[in-house]
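Biologist: Hi, I'm new to this one. Can you bring it up and walk me through it?

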Amino acid sequence: PGTPVVLVADADAQRGRELAAKCTALGWSPLLAVDALQAVTFANRTRPDLVVLHTRLPGGNGLGALQR
């Protein structure tokens, strides 16, 4: 039911936008986070269907964000 949501967390804005554009082309609704805190906040609010985390994010790393 509904469009699947993917959370893309990457400090590199260009890379994040490129990945988000590819997700959109595949019919996914992307959310773009630029740091660990934003990624955790978005994940808790939206409960995305898929999360793509970069391992090095400002405010913590992707693995730490995943544990939260």
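Modeller: Here is a short tour, taken topic by topic. This is a predicted model, where local features need pLDDT of at least 70, side-chain atom pairs count only at pLDDT 80 or more, and totals for chains, interfaces and linings use all residues. Residues are numbered from 1 along each chain as its sequence is written, and side-chain values use heavy atoms, with hydrogens and water left out.

Biologist: OK, helix 2 then. Which of its residues are buried?

Modeller: In helix 2, residues 36–46, they are Ala36, Ala39 and Val40. Buried means under 20% relative accessible area, exposed over 50%, and partly exposed in between, with a 1.4 Å probe and protein chains only. Helices here are DSSP runs of H or I with at least four residues, strands are E runs of at least two, and both are numbered from the N terminus.

Biologist: And where do those three sit around the helix axis?

Modeller: On the same side of helix 2, because they cover an arc of only 95 degrees around the axis. That arc is taken from the directions from the helix axis to the C-beta atoms. An α-helix has 3.6 residues a turn, so residues three or four places apart point the same way.

Biologist: What's on the face turned away from the buried side?

Modeller: Leu37 and Arg45, both exposed.

Biologist: What caps the N-terminal end of helix 2?

Modeller: Asp35 does, with a side-chain oxygen 3.3 Å from the backbone nitrogen of Leu37. Just after helix 2, Arg47 has a positive phi of about 50 degrees.

Biologist: Switching topic: how many salt bridges does the structure hold?

Modeller: It holds 1, counting a side-chain nitrogen of Lys or Arg within 4 Å of a carboxyl oxygen of Asp or Glu. The partners are Arg15 and Asp10, whose closest N and O atoms are 2.6 Å apart.

Biologist: Is Asp10 buried or exposed?

Modeller: Asp10 counts as buried because its relative accessibility is 8%. Arg15, at 38%, counts as partly exposed.

Biologist: Last one, Leu50. Where is it?

Modeller: Leu50 is in strand 3, residues 50–53, and counts as partly exposed because its relative accessibility is 38%.

Biologist: What does Leu50 touch?

Modeller: Leaving out residues up to four places away in sequence, Leu50 touches Val5, Val6, Leu7 and Trp28, where contact means heavy atoms within 4.5 Å. Val5 is 45 residues from Leu50 along the chain, yet their C-alpha atoms are separated by 6.6 Å.

Notes: Polar contact = N/O pair within 3.5 Å; in protein donor to acceptor, adjacent residues only side chain to side chain.
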